[in-house]
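Visitor: Hi, could you walk me through this structure? I'd like to hear about charges, surface and packing.
Guide: Happy to, let's bring it up.
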Amino acid sequence: MKTEWMSPKIKMCGIKRPEDIKLVNEYKPDYIGFIFAGFSSRYVSFETAKYLKFLLSPDILAVGVFVNEDRDKIIHAAGEGIIDLIQLHGSESDDDIKYIQRKTGKPVIKAIRINDIEPEERAEKIDTCPADYVLIDSGMGSGRTFDWSLLEGIDREYFLAGGLSPENVSEAIKRLHPYALDVSSGIEKDGVKDGELMKEFMDEVRG
């Protein structure tokens, strides 16, 4: 159930270098994301993420992003002090979500690809998902926006993802009032996190 709207939280995903950590420590998003899916250009190993987490300001939460990963590997990462939240971005079932919640005691974010759901099933699937949070995207980290009108009638707080940037984030906030905003490619230049774009994004959201 949605609560009284406040300024949305910010998650900067795809953090993979010490230079990225220096920037997020400066600009203070609420969350960062480590991507543990090997096919992603933003992939980091558990070892690298552990080092980056050591450098991360303690008031920023780290999210581990997994795609159809073995549940025991997720539980292992959660127990190593690498991540504070778990994001499932594949075809994980409700049973998988509940198992991981129970075994780790950490909040779970379930990514939902809005375009893959039939219109008559959309609200129920999102509202009844057992994850602590849902993240609405157009695809598997596609970096593309979707038709935001598809979110009409959704009666729970959600992370909004998919093609967000300094240019469109103000419109997203005004139209949708999401709980949180998830950005990655929109704060990059040539595939690398860019301090100026990070600052612009933060200013648009919090300014």
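Visitor: What should I know before we start?
Guide: This is a predicted model: local features need pLDDT of at least 70, side-chain atom pairs count only at pLDDT 80 or more, and totals for chains, interfaces and linings use all residues. Residues are numbered from 1 along each chain as its sequence is written, and side-chain values use heavy atoms, with hydrogens and water left out.

Visitor: How many salt bridges are there?
Guide: The count comes to 12, taking a salt bridge as a side-chain nitrogen of Lys or Arg within 4 Å of a carboxyl oxygen of Asp or Glu.

Visitor: Which residue does Arg206 pair with?
Guide: Its partner is Asp30, with the closest N and O atoms 2.7 Å apart. Arg206 sits in helix 7 (residues 195-206) and Asp30 in the loop between helix 1 (18-27) and strand 2 (31-35), so the pair ties together parts 176 residues apart in sequence. Helices here are DSSP runs of H or I with at least four residues, and strands are runs of E with at least two, numbered from the N terminus.

Visitor: And what about Glu188, which residues does it bridge to?
Guide: Glu188 forms a salt bridge with Arg42 at 2.8 Å and another with Lys193 at 2.5 Å, N to O. Shared partners join Arg42, Glu188 and Lys193 into one network.

Visitor: Is Glu188 buried or exposed?
Guide: Glu188 counts as buried because its relative accessibility is 12%. Buried means under 20% relative accessible area, exposed over 50%, and partly exposed in between (1.4 Å probe, protein chains only). Arg42 is buried too, at 16%.

Visitor: Switching to the surface, which residues form the nonpolar patch?
Guide: Tyr51, Phe54 and Leu55, with about 340 Å² of accessible area together. Patch residues have over 30% relative accessible area and no salt bridge; like charges are joined within 9 Å, and nonpolar side chains (Val, Leu, Ile, Met, Phe, Trp, Tyr) within 5 Å. The areas come from the Shrake-Rupley method with a 1.4 Å probe. Phe54 lies in helix 2 (residues 46-55) and counts as exposed because its relative accessibility is 68%.

Visitor: Last one: what covers the buried residues of helix 4?
Guide: The cover includes helix 3 (71-79), strand 4 (85-88) and strand 5 (108-113), where contact means heavy atoms within 4.5 Å. Among the buried residues of helix 4 (residues 94-104) are Ile97, Tyr99 and Ile100. Just after helix 4, Gly105 takes a positive phi of about 70 degrees.
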